[in-house]
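Thanks for sending this one over.

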Amino acid sequence: MNQLDKKEPVQAILIADSFNDCFVPFSDRKPLSLLPLVNVPLVDYALESLNRSGVEEVIVFCSAHVDQVRGYIRSQQQNPSCSWNVGMTVSIVSSEGCRCMGDALRDLDAKGLVRGNFILTGVDTLTNANLAAILEEHKRVAKTDKGAAMTVVYKEGVPDQRTGNEVMIAMEKNTRRLLFHQRLNPKHKERKFTFPMEIILENKEVTMWHGLIDPQIAICSNTALPLFSDNFDFLTRDDFVRGLLINEEILASTIYVAPLPAEEYALRVNNWHNYQIASRDVTNRFVYPLVPDMGICGSEQLYSFSRNNIYRHRNIRLARRATLESDVVIGEKCEIDEDTVVAHSVLGKGCKIGKNCQLRNCFLLDGVQVEDNCVLNHCIIAENVILGPGCNLTEGCVLGPEVVLPKGMTLAKMTLQSTKPDDDWSDAKPIAEHAFTVPDETEGDADEEPDSDAEDTQDVATGYPMRLGELPRTSPESIYSMSSEEDESRAASPLQDDANIFLSEVLESLKRGFSEKSNPEYLILEINSSRYAYNMALSEVNFFVVKAILQLTLAQEGAATALVSTLAKLLGYFGPVFKNYIRGQPAMLDCLKALEEVAAEEPATVGAKIAAVVHFLYEKDYVAEEAILEWHGGIDEEDTRKALAKLVEWLNQSSEEEEESDDE
């Protein structure tokens with residue numbers, strides 16, 4: 001039996017359709033799989049997560065826009081920098097007649113493609129969880145309980161934040177067998193719960209959880225697909241769970257629960273509100289290592305990462321007086337003009353923003369053009385939209401591809417598409433030549449009290465339409481909040497927990513090595529060991545090694561008055577370590593960014609002498625002139641730019657003199 005287990009491939013079924021209209025009008029033209037989240041398609045996040053969990057075979061099932069999905073996945077498979085393609089095969093199964101997840105799984109069962117236990121999830125699930133560990137636990141449970149059909153994964157929710165995916169469950173405390181499941185009302189109106197008394201009477205210890213997030217991740221046994229095939233009323237996974245709980249004795253099948261630990265992330269991106277939450281969390285590095293500067297699904301690092309969660313593509317045009325406040329991602333070939341402010345927003349490839357614009361909590365896909373004096377707040381703007389001068393869009397406006405708005409248009413809580421719907425019965429109204437309203441399904445009767453039996457309906461289980469809006473700031477401290485010390489020291493986003501631990505381990509290794517004068521090669525081995533233990537990117541290792549050396553320098557006696565000489569003394573010993581990591585211009589930029597951050601934290605010492613430190617590093621060939629000039633061009637802090645102005649001017653003059661001498 002153990003030999004058979006070893007031969008069983010690790011398989012996953014990835015459902016590529018949402019079976020709802022929550023992303024209209026985007027989903028009218030493109031598949032959900034290709035919806036970009038922080039400029040990366042959702043399908044890439046899903047496949048990358050499965051690859052990191054050791055999945056060997058992925059079956060992507062799609063029923064809408066099949067050609068687009070197939071074309072994109074094939075292009076990625078031919079892309080040498082696509083990381084999820086390494087060691088994992090991806091096949092596409094399509095059936096245009098499917099209208100729900102149940103139909104998709106019945107179709108897959110008929111084709112006989114799944115041979116054992118498998119992971120079931122969707123392209124709209126964003127996670128960095130270790131699904132391999134949950135799969136192994138499911139296999140262990142299945143050996144003792146032959147009826148174990150599924151293990152469902154839940155994540156503890158954030159207080160006062162509703163995503164439309166919250167559930168209340170009851171489970172047996174010791175075995176974690178699921179006993180009760182109820183989906184919560186997305187409108188936050190439930191006032192009472194009906195809980196079967198026999199659950200308490202028939203089980204010794206029962207644990208009840210309220211407000212868990214259901215990210216739609218499950219580990220399934222080989223009996224799960226036949227159960228869907230035998231029960232045509234199983235339209236969603238909620239139907240499957242409810243059906244097995246009600247008819248447990250008849251179907252002879254059980255379900256178990258796997259709660260994710262606090263450090264692992266999972267969220268279902270099945271409406272625009274959750275899209276906003278997921279974008280914020282990726283930008284704030286809560287989904288590490290799925291972060292912009294790690295080059296998701298590609299080995300090349302496209303974004304430079306700086307304080308306050310600013311990610312800038314290396315090929316952009318940013319006006320000198322343009323302001324990037326915090327939590328901002330700027331895609332390739334973007335142009336942002338003078339006096340424009342961007343905050344908590346993501347700009348796709350080739351976006352052009354005019355003068356004196358305000359963009360807050362906005363998500364612009366590729367090719368959007370925003371003219372001067374526009375104000376955008378909580379908006380989704382699809383590809384190739386053009387906004388005329390002075391437009392004002394607020395309160396969750398959604399503009400479909402190629403919408404064109406004339407000058408001075410003011411909109412709120414509105415969804416637009418560029419063409420008139422083909423349906424003659426549609427309530428769509430033209431507001432411009434290339435802008436037609438889409439009926440709003442998010443605005444229900446505020447006083448309507450939903451039927452308690454309707455909370456587990458197919459519509460709510462597959463997705464509930466929600467607009468963008470203000471997100472609550474209250475969140476678990478271990479995941480979202482800064483510590484009081486960090487908050488007082490600098491106005492920047494918190495480091496990931498693993499990054500904090502990695503930095504402290506590097507600092508500890510350097511301290512011990514310096515005091516014992518051990519071989520620097522041993523320090524490099526220790527740092528590399530810590531790097532792999534915490535899955536750090538090379539750019540992050542470069543950054544933290546330099547930051548640790550600078551912090552150790554500041555801890556030396558006399559550093560406040562003789563910073564450069566103290567640093568020179570330490571680099572006399574740490575030189576081999578420094579040069580091992582700071583090689584090439586990208587690594588030099590990491591070094592200078594670390595110096596910039598320490599200068600912001602210690603303005604009286606490092607900040608006041610930053611020019612002298614940079615000059616010393618340049619003279620000793622630790623950093624090159626080109627790296628200094630490129631770094632200086634991207635510094636946002638005006639005081640730092642001024643402090644380095646004379647040094648930069650001197651470097652430019654030296655370059656000109658060298659060019660003249662070469663010409664002679």
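The points below go from the whole chain to two local sites.

1. A word on the basis: this is a predicted model, where local features need pLDDT of at least 70, side-chain atom pairs count only at pLDDT 80 or more, and totals for chains, interfaces and linings use all residues. Residues are numbered from 1 along each chain as its sequence is written, and side-chain values use heavy atoms, with hydrogens and water left out.

2. The protein has 23 helices and 33 strands, taken as DSSP runs (helices H or I, at least four residues; strands E, at least two) and numbered from the N terminus. Of its 664 residues, 55% count as buried, meaning under 20% relative accessible area with a 1.4 Å probe and protein chains only; exposed means over 50%, and partly exposed is in between.

3. Among contacts (heavy atoms within 4.5 Å) with a separation of 6 or more, 58% join residues 24 or more positions apart.

4. The accessible surface is about 29900 Å², and carbon and sulfur atoms hold 48% of that area. The areas come from the Shrake-Rupley method with a 1.4 Å probe.

5. Helix α7 spans residues 197-202 and includes Met 197. Met 197 counts as exposed because its relative accessible area is 53%.

6. Asn 271 sits in the loop between β13 (266-268) and α11 (272-283). Asn 271 counts as buried because its relative accessible area is 0%. A polar atom of the Asn 271 side chain lies 2.8 Å from the backbone nitrogen of Asn 274.

How values were computed. Polar contact = N/O pair within 3.5 Å; in protein donor to acceptor, adjacent residues only side chain to side chain.
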